[in-house]
Amino acid sequence: MIFAINEINKNPEMLPNVNLGYKIYDNCGTMDILRAALALVSGLKGEISDGNCTKPETVQAILGHSGSRPTIAFEQVVGRFHIPVISHFATCACLSNRKEYPTFFRTIPSDYYQSRALAKLIKHFGWTWIGAIAVDNEYGLNGMAAFIQGAQEEGVCIEYSEAFSSSDPPDRLQRIVEIIEHATSKVIMAFMSHREITMLATELYKQNITGLQWVGSDAWITDHSLTDSEGHSILVGSLGFAVSRAQIPGLEEHLRQLHPSQFPDSQFVRDFWEDVFDCSLNETANSQRKPCSGFESLQNVESQFTDVSELRFTNNVYKSVYAVAHALDNLMKCEDGKGPFLNGSCADTKHIQPWQVLQYLSTVNFTTEEGERVYFDSNGDSPARYELVNLQMTNKGTMEGVTVGIYDASLPESQQFIMNNIPVVWGNGLTEVPVSVCSDSCLRGTHKVLQKGRPVCCFDCIPCPAGEISNLTDSIDCMKCPLEYWSNSQRDACIPKAIEFLAYDEILGTLLALFSLLGLFLTMITTLVFYCHKETPLVRANNSELSFLLLFSLTLCFLCSLTFIGRPSEWSCMLRHTAFGITFVLCLSCVLGKTIVVLMAFRATLPGSNVMKWFGPAQQRLSVLAFTLIQVLICILWLTINPPFPFKNLLLYKDRIILECKLGSAVGFWAVLGYIGLLAALCFILAFLARKLPDNFNEAKFITFSMLIFCAVWITFIPAYVSSPGKFTVAVEIFAILASSYGLLFCIFLPKCFIILFRPEQNTKKHIMGKTSNNDIHY
């Protein structure tokens, strides 16, 4: 402080024609500090001989104290007199309360920021399950409260939180040691002073409790006296924040010029001098040391006092002095009309009041020679910037705080930690970051489920259900995949659902296609047989024209079944249902025509009957055409109003998409089926009526049997079609088409082919006409 004041007084650009004075109170103890504060408030009147220079009755600012508890005590007193108080080391967050401490400022960040920074530090290294211990006073309890709040916001859980002080009974410390020993967390946040951490480390060392990673507050993390404790090895690898180091040009030279003659009443200077030079300043004292010559000098002496390599809190004192100087300088240089007071007025420079200095101090904003910006926020706090310190053992066997990173709260959230390339030493000599979690991280594809009655950091990892994924570690919930996507086997990505339809390359599709082609082949063989024997009585007697037309329609039926296999498209959906409806009606129309011909032919054998002229070849063709045209009209209306279309069925199965043909108009579909059913029923009835005809001639019984199969197939088709899922709906429809087609082919044409090929002796007019009637029957 003296160095800074002298430097300011020598600076012609700052406070010209004004000298700063000071009075130092160096007594310890809260009561002595309170007495000093009251003395500063009351002031000592004194006039200076120069008439143009006056000395204020009260001080303009108070620098100190370093402790939070004494500062709390005297700030409540001096704050009533509007005297600014600037501390370089009082970090209690409670001092930021402007209602309680309206004149308090500090050049060290509040414990609130340090607590939040410590919480972020713990989260930065992935520690989510920790213990917390604090010193049992305002500093520790307030700092711990802010830390716990910040830790909860960062998702860090506190396994235990304890507080003690150096004055507590020994059993209190023993209880805390037992808690640490039986805890599962391996990281401890210690918000305490060097006295308490020394006691705790010593006790842990005695009981051989190791393997702990310590995270400490700035009150002990850089304290050199820790090396002197018995259990200091327990603390090697500790991490914590410390006030940033700085260089103060000229300070070392100033310290080396120190001489006892400058401070004749200072007991500290006297003891220090005698210890460094091993001499005695008081010749009358009974001492074993030689008298000091008075020519001793610190210029070539290396001691902790002259070491300026670790200027942390010292720099805060330096900034405090300059903050007051800048406030006074701004006050002195105020221009009328631009001042901060009523109507832009300025202060009377010969009668400066502390409340006026307070006003200017709140707006101070300057940059030191080292490039550090100094200002105070609305609570009197300085910006939060720390060095991340790691306690490491040196070659000399002492612990030293090595700066391994920087924390700057003014930067964006993701950039507040800046780690340098210096390797970190971890607790218990570990070479990698220790792990301290209640539960291991949940991998992708799982989500966290909290354990009942335990903190949020204790959870089980449950695999995501089918159709849901988690693509991040430690996911709280699983995300549902979009409608056309499904989760993969690892449950960490959504993949397109498999599209399912009756394809040619699967077993079911291949078999149905083979049966369709087999039916086509048999139909063509039958046609060839009938064509080669078209002049034989059997072929001629069975209305060869309708037989060939029936075989042609059966060929179309077998080919129609192939349209149901393969990926549905707009055209295939319209083709498959309409082609099926028309070809089957053509087929049934031919069967119906053959049945009517049989009945008419039997009637024609009766004496005087003339019915065959009413149902000759022309009428047969017209009937087939008429019956088929009705179905064509139904299909045209269906395709015009609401045709079938390809449709992705997403509801039938959750894990795959069924690509099917939507009927469009259900009425159209059932109208097509109904018309086919009507013709089939009519064929069956007429064939049933003709079943009593002579055996050798009777084709009606084969038609009856084929229609019985046909109706049975399609009656069972309806419930099977409605209840079959997905591609099996199409398979049921193909099976019904093939079964009914094979039924017609085998029942109507197989017996005839057998006679033509293997019983040629029965393929005669005489055998066909038989002997059941004495009348001649002509065809």
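Modeller: What follows goes through the salt bridges pair by pair. This is a predicted model, in which local features need pLDDT of at least 70 and side-chain atom pairs count only at pLDDT 80 or more, while totals for chains, interfaces and linings use all residues. Residues are numbered from 1 along each chain as its sequence is written, and side-chain values use heavy atoms, with hydrogens and water left out.

The structure holds 20 salt bridges, each being a side-chain nitrogen of Lys or Arg within 4 Å of a carboxyl oxygen of Asp or Glu. One of them joins glutamate 387 to arginine 312, at 3.0 Å from N to O. The pair links distant parts of the chain, 75 residues apart: glutamate 387 is in strand β13 (residues 385–393), and arginine 312 is in the loop between β10 (290–291) and α10 (313–332). Strands (E, at least two residues) and helices (H or I, at least four) are DSSP runs, numbered from the N terminus. Glutamate 387 is buried at 10% relative accessibility, and arginine 312 is buried at 3%. Buried means under 20% relative accessible area, exposed over 50%, and partly exposed in between (1.4 Å probe, protein chains only). Arg245 is linked with Arg312 and Glu387 in a network of salt bridges.

Aspartate 329 and lysine 333 also meet in a salt bridge, again given as N to O, at 3.0 Å. Here aspartate 329 is buried, at 7%, whereas lysine 333 is partly exposed, at 46%.

Aspartate 492 pairs with arginine 444, their closest N and O atoms being 3.8 Å apart. Aspartate 492 counts as buried at 18%, and arginine 444 is partly exposed at 44%.
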